[in-house]
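Subject: Structure for you to look at

Hello,

Here is the structure I promised to hand over. Please open it first, then read on for what was found in it.

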Amino acid sequence: FAREEATVVVGHSMSSDVAAIVAARTTCREVVYLCPRFAIFDRPEGEPEIWQPGCFDKVREDELGRRCWAPEDAAAVLYRRLEPDLAAAFAPRLRPQADPRRAVPPITQPPKVPSRVLFAEEDEIFRPEWSAWAARHLVGVEGEPLPGGHFPMLENPEFLSAKLSGMA
């Protein structure tokens with residue numbers, strides 16, 4: 001294997017779009033979508049509801065139209081499964097996110113690369129039934145549920161590391 005061919009691209013949440021673009025433009029062995037958003041992919045009919053009820057109630061828009069969280073709201077909503085000290089440490093690190101649908105994406109279909117979709121069974125943002133549907137209908141694979149919420153790398157890093165290492 002050349003080094004690029006051994007690469008596995010992993011994208012979490014909104015970065016699932018970035019992972020797809022990187023995988024489409026490089027030579028990689030696999031792309032792993034972790035709690036993905038898939039904002040840039042075309043949608044077939046029959047898409048179920050994507051969002052958990054009330055998940056964006058605390059989100060605000062800044063002067064540039066980007067979504068942003070106050071740290072205390074992020075700690076209470078996004079990081080509610082973490083120890084309070086860990087939630088308090090990570091919440092201020094969130095940055096405003098632009099709506100990816102405001103720009104023309106460079107791709108609108110998943111790259112033709114072996115892919116996996118890992119989704120959270122108790123995701124604070126995405127409904128698990130949507131995540132399973134998206135894996136099947138957008139990427140063409142069966143999604144793999146993970147225990148816990150939207151941030152498995154913080155909630156259960158050993159489990160996620162073992163899962164990703166087991167894929168290698």
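Start with Ser13. Ser13 sits in the loop between strand E1 and helix H1 (15-25). One thing to keep in mind from here on: this is a predicted model. Is Ser13 buried or exposed? Its relative accessibility is 12%, so Ser13 counts as buried. Which residues does Ser13 touch, leaving out those up to four places away in sequence? They are Leu34, Cys35, Pro36, Arg37, Phe126 and His150. Several of these names come back below.

**The strands**

Begin with E1, which covers residues 8-12. E1 pairs with E2 in the parallel sense, over 5 bridges. Look for Val10 there: its bridge partner in E2 is Val32.

E2 spans residues 30-34 and is also joined to E5. Those two strands run parallel as well, with 4 bridges between them. Here Val31 stands opposite Ser115 of E5.

How many residues of E2 are buried? The count is 5 of 5, and E2 is mostly covered. In a regular strand, side chains alternate between the two faces of the sheet. In E2, both faces are covered. Glu30, Val32 and Leu34 are buried on one side. Val31 and Tyr33 are buried on the other.

E5 comes next, at residues 115-120. Of its 6 residues, 5 are buried, so E5 is largely enclosed by the rest of the structure. E5 also pairs with E6, in the parallel sense, over 3 bridges. Phe119 is the residue that stands opposite Pro145 in E6.

**Leu146**

Stay in strand E6 and find Leu146. Leu146 counts as buried, at 2% relative accessibility. What else does Leu146 contact, aside from its neighbours within four places in sequence? Its contacts include Leu118, Phe119 and Ala120, along with Glu121. Leu34 is also among them.

**The aromatic residues**

How many aromatic pairs are there? The count comes to 7. One of them is Tyr79 with Phe151: the ring centres are 4.7 Å apart and the planes are at 45 degrees, so this pair is tilted. The pair links distant parts of the chain, 72 residues apart. Tyr79 is in the loop between helix H2 (71-77) and helix H3 (84-90). Phe151 is in the loop between strand E6 (144-146) and helix H5 (152-155). Tyr79 is buried, with a relative accessible area of 5%. Phe151 is buried too, at 10%.

There is also an aromatic cluster. Its members are Trp51, Phe56, Phe126 and Trp130. Phe126 is one of the residues that Ser13 touches. Phe56 has a charge to go with its ring: the charged end of Arg67 sits over it, 5.1 Å from the ring centre.

**Asp62**

Now go to the loop between strand E3 (60-61) and strand E4 (67-68), where Asp62 is found. Is Asp62 buried or exposed? Asp62 counts as buried, with a relative accessibility of 15%. What does its side chain reach? A polar atom of that side chain lies 2.9 Å from the backbone nitrogen of Leu64. The side chains of Asp62 and Arg66 are joined by a polar contact of 2.6 Å. Beyond residues up to four places away in sequence, Asp62 touches Cys68 and Pro96.

**The cysteines**

How many disulfides does the model hold? The count is 0. Cys35 is buried, at a relative accessible area of 1%. The sulfur of Cys68 also has its closest cysteine sulfur in Cys55, but 15 Å away, again too far for a bond.

For a quick tour, take E2 with its two covered faces first. Then visit Leu146 in E6. Finish on the tilted pair of Tyr79 and Phe151.

Best wishes

Key
Residues numbered from 1 in each chain as written. Predicted model: local features only at pLDDT ≥ 70, side-chain atom pairs only at ≥ 80, totals over all residues. Heavy atoms only, no water. Phe/Tyr/Trp six-rings, centres within 6.5 Å; stacked < 30°, edge-to-face > 60°. Buried < 20%, exposed > 50% of the residue type's maximum accessible area, 1.4 Å probe, protein only. Lys NZ or Arg CZ within 6 Å of the ring centre and 35° of its normal. Contact = heavy atoms within 4.5 Å. Polar contact = N/O pair within 3.5 Å; in protein donor to acceptor, adjacent residues only side chain to side chain. Disulfide = S-S within 2.5 Å. Pairing = 2+ DSSP bridges.
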